[in-house]
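This report describes selected features of a predicted model. The account moves from strand pairing to the nonpolar core and then to one helix residue.

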Amino acid sequence: MEIEKKFLVNELPTDLPQYELWEIEQCYLCTKPTIRIRKKNDSYILTYKNPVHSEEALCMSEETELPLTKDSFEHLKKKCDGRCIQKSRYRIPYEKWVIELDVFHGDYEGFYMAEVEFSSTEESNMFHPPSWFGKDVSGDYHYSNSYMSQK
């Protein structure tokens with residue numbers, strides 16, 4: 001079970017180079033439920049993601065990940081709908097959580113979004129975002145990468 005909050009980002013932290021970085025390309029075979037292929041640095045993953053609950057303050061989904069080879073990723077990429085999402089993801093420690101800051105490229109160049117995962121809904125209620133976060137868009141499907149791939 002994935003429990004997360006999503007936020008727009010008002011400004012990028014100035015110390016980004018010090019954090020772990022993943023270069024990500026992800027494409028969607030299906031958006032309802034979500035069947036996604038992802039290249040993350042040199043690894044390849046197939047993900048099945050089915051929303052369980054979404055509200056203004058929280059997103060919850062069942063998520064299953066399976067490994068792919070580079071060849072299978074490239075083969076499936078040709079079958080994807082919409083555009084592939086390209087982004088740099090910085091993993092930023094913050095209090096007891098990790099912020100995943102996505103800096104988008106390609107069609108979404110200049111767009112930034114942050115996600116934080118939690119072990120429970122109670123834990124998510126304890127979260128107070130840093131000052132560089134913007135609007136909480138957790139329940140708004142317009143900010144899901146699967147939706148963005150279609151627009």
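## Strand pairing, core and a helix residue

Strands E2 and E3 are linked by a hairpin that passes through two residues. The two strands run antiparallel, and seven bridges join E2 (residues 20-31) to E3. Within this pairing, Gln 26 lies opposite Arg 38 of E3. Strand E3 spans residues 34-40 and is largely enclosed by the rest of the structure, because five of its seven residues are buried.

The largest nonpolar core comprises 19 residues. The residues with the most contacts inside this core are Ile 92, Ile 99, Leu 101, Val 116, Phe 127, Trp 132 and Phe 133.

In soluble globular proteins, nonpolar side chains tend to be buried together.

Phe 127 is in contact with Phe 7, Tyr 94, Trp 97, Val 116, Phe 118 and Phe 133, when residues up to four places away in sequence are not counted.

Ser 149 belongs to helix H3, which covers residues 145-150. Its relative accessible area is 1%, so Ser 149 is buried, the cut-off being under 20%. With residues up to four places away in sequence left out, Ser 149 touches Tyr 28, Gly 82, Arg 83 and Ile 85.

Methods. Residues numbered from 1 in each chain as written. Predicted model: local features only at pLDDT ≥ 70, side-chain atom pairs only at ≥ 80, totals over all residues. Heavy atoms only, no water. Buried < 20%, exposed > 50% of the residue type's maximum accessible area, 1.4 Å probe, protein only. Helix = DSSP H or I, 4+ residues; strand = E, 2+ residues; numbered from the N terminus. Pairing = 2+ DSSP bridges. Core = buried A, V, L, I, M, F, W, Y, C linked by side-chain atoms within 4.5 Å. Contact = heavy atoms within 4.5 Å.
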